[in-house]
Amino acid sequence: MDDFKVKVPQDFYGASLAEVEDEERFKYARPGDHLVTPFQCPCCQSENIRGKTLDPSDASDVAFEALCIRAYLDAFWSHASKTIAKHVSQVKFLEGYSQQLRLNPLPDLGPWPLGQHMGMLTAIMVLMRSKEPGRGDSTVKYGTARQVRSTLTVLWETSPDSGRDMVLSSASTRGRFITTLNPTESRWYQYFNTGLAARMGDVVRQDLAYTLGVLLELLSMFEDEWRSMRCDMPIEHLSACMFLLVACLGGMRGYEVVWTDLTALRHDVITCEETEDYEAVSWPVVGRFKNEQGKLGHHVIPIAGTTSRSNIQFFVWTQRFVGAIETKGITEGWAFQRSDGSRAKASDYRNNIFSKLEDIQQRTNLIDEDVNVWEDYGIQRSGRRFFVTESLNCGIPRHVIEAQCRWSTDRAKGNKTVTRSMMQHYSEVRNMKSVLIQPSKAF
């Protein structure tokens, strides 16, 4: 019943490069595994978790036993064969000494108290999740499967069982420590999790980045639509074009783009027009960011009005975008809105952009024919990956890229910064504009 896949080394074309141990890994236990990794038989685990012994005629019991064995094999193989062999060798020495001195230096390795499953229940749930259909491949990735453990940890923390946990803190030392009886924090479960990642391969499938050629072709299609329709161009199509530009030139994720503050954006456009300064647009985003403890955050990201290499007219598109919104009588709130006035989501622009990508793939060689547009590109991160890739291609120093994306870097690290008003942010960014627009200016 164990049809769980094991990642093996492969060449460029996917042919196996597995050696002898690669073929055996995660399929068999080795002599001495029980010395390093705690072990209880599947029947004992059934008593611990389900309160019953295993019945070979019961399909659910057979499945439970198979999952227990798989979990143990994953936990066993979290240690290298040489490590196991080294401990076995040392145990043999200890046995010899114990016979000579008539004493026993070895602790009992079992039996374990009834009900102490060491995290096996969580491991089984993770294994079940790992068999669910995933994106592209037959099953979900390791990073998705392990999320079950995070949920079970949160549920433990909200349950009465967490009342037995202890919080250790010190007045002279920063931080605090929590001792917990949560099975997902057990040593055995950590071994299982390490082995699971090694077996499945901790591979993250990133969204395919737009290339500069693809971006220019997309903009050409939007430009043709604008020239033929002008102000009659549907606001949804114009918003899709603006969404694409901000994601690519501003290095933002899709869900960050739609947090645009229309009032602040209009203020910047008017200021630029009055001073005849078209060098950059200071793009404002407002939101309650996850790693800022839910506090309201204001951030301004300068984007070059016109790029150097490809001559992308970002300021012109911003004027069109703001002007089209104003004709609808909208002058405040979110810049990216749905017809009912609520804030748009990044997914609202997926069909418009990706259908154009399909057209580009069919009539040009800019997108490889093997690429599945709807699977390989992502509305959330393909634009941001374009920004990083093109910045590196243009030789933009890393500290300049980080200066542009500092708000995102700080947020990802959970750094605390002083909360300031949007006007204060805006004034500060305008003073640093010449430095901050270097990445987008170079495209």
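## A perpendicular pair: α3 and α4

Helices α3 and α4 are roughly perpendicular to each other, because angles of 65 to 115 degrees count as roughly perpendicular, those under 35 as roughly parallel, those over 145 as roughly antiparallel and the rest as oblique. Their packing angle is about 110°, and the axes of α3 (residues 42-50) and α4 (residues 59-76) lie 10 Å apart. Axes here are lines fitted to C-alpha atoms, for helices over the stretch in contact, with angles from 0 to 180 degrees between N-to-C directions. Helices are DSSP runs (H or I, at least four residues), as strands are (E, at least two), numbered from the N terminus.

On the α3 side, the contact (heavy atoms within 4.5 Å) is made by Pro42, Gln45, Ser46, Ile49 and Arg50, and on the α4 side by Ser60, Asp61, Phe64, Glu65, Cys68, Ile69 and Tyr72. These residues divide into 6 nonpolar, 3 polar and 3 charged. In this scheme Ala, Val, Leu, Ile, Met, Phe, Trp, Tyr, Cys and Pro count as nonpolar, Asp, Glu, Lys and Arg as charged, and the others, Gly among them, as polar.

## About the model

What you are looking at is a predicted model, in which local features need pLDDT of at least 70 and side-chain atom pairs count only at pLDDT 80 or more, while totals for chains, interfaces and linings use all residues. Residues are numbered from 1 along each chain as its sequence is written, and side-chain values use heavy atoms, with hydrogens and water left out.

Next, take α6 (residues 120-129) and α9 (residues 187-200), whose axes come within 10 Å and cross at roughly 20°. These two helices are therefore roughly parallel to each other. Helix α6 brings Met120, Thr122, Ala123, Val126 and Leu127 to the contact, and α9 brings Trp188, Tyr189, Phe192, Leu196 and Arg199. By class, that contact has 8 nonpolar, 1 polar and 1 charged residues.

Helices α13 (residues 262-275) and α14 (residues 314-327) have axes that come within 11 Å and cross at roughly 125°, so α13 and α14 are oblique to each other. The crossing of α13 past α14 is left-handed. Leu262, Leu265, Arg266, Val269, Cys272 and Glu273 of α13 meet Phe315, Thr318, Gln319, Phe321, Val322, Ile325 and Glu326 of α14. Here the classes are 8 nonpolar, 2 polar and 3 charged.

## The largest pocket

The largest pocket holds about 620 Å³ of space. On a 1 Å grid over the protein atoms alone, a pocket is an open set of points with protein on both sides within 12 Å along at least five of seven lines, a cavity is a set where a 1.4 Å probe fits but cannot get out, and lining residues have an atom within 4 Å of a point. Grid points are joined across faces, edges and corners, and a volume is the space filled by probe spheres set on the points.

The pocket has 26 lining residues, with His117, Gly119, Leu181, Asn182 and Pro183 nearest its centre. Helices α6, α8 (147-157) and α9 each supply at least two residues of this lining. Its classes are 12 nonpolar, 10 polar and 4 charged.

## One cavity

The structure holds 1 cavity of 30 Å³ or more, and about 40 Å³ of space lies in the largest cavity. Tyr210, Phe243, Leu244, Ala247, Ile353, Ile379 and Gly383 line that cavity. Helix α11 (residues 235-250) gives the largest share of the lining, 3 residues. By class, this lining has 6 nonpolar, 1 polar and no charged residues.

## Backbone details in two loops

Two loops are worth a look. Phenylalanine 26 lies in the loop between α1 (20-24) and α2 (33-36), and its phi is near 70°, a positive value in a residue other than glycine.

Methods: Left-handed = near helix turned anticlockwise from the far one by under 90°.
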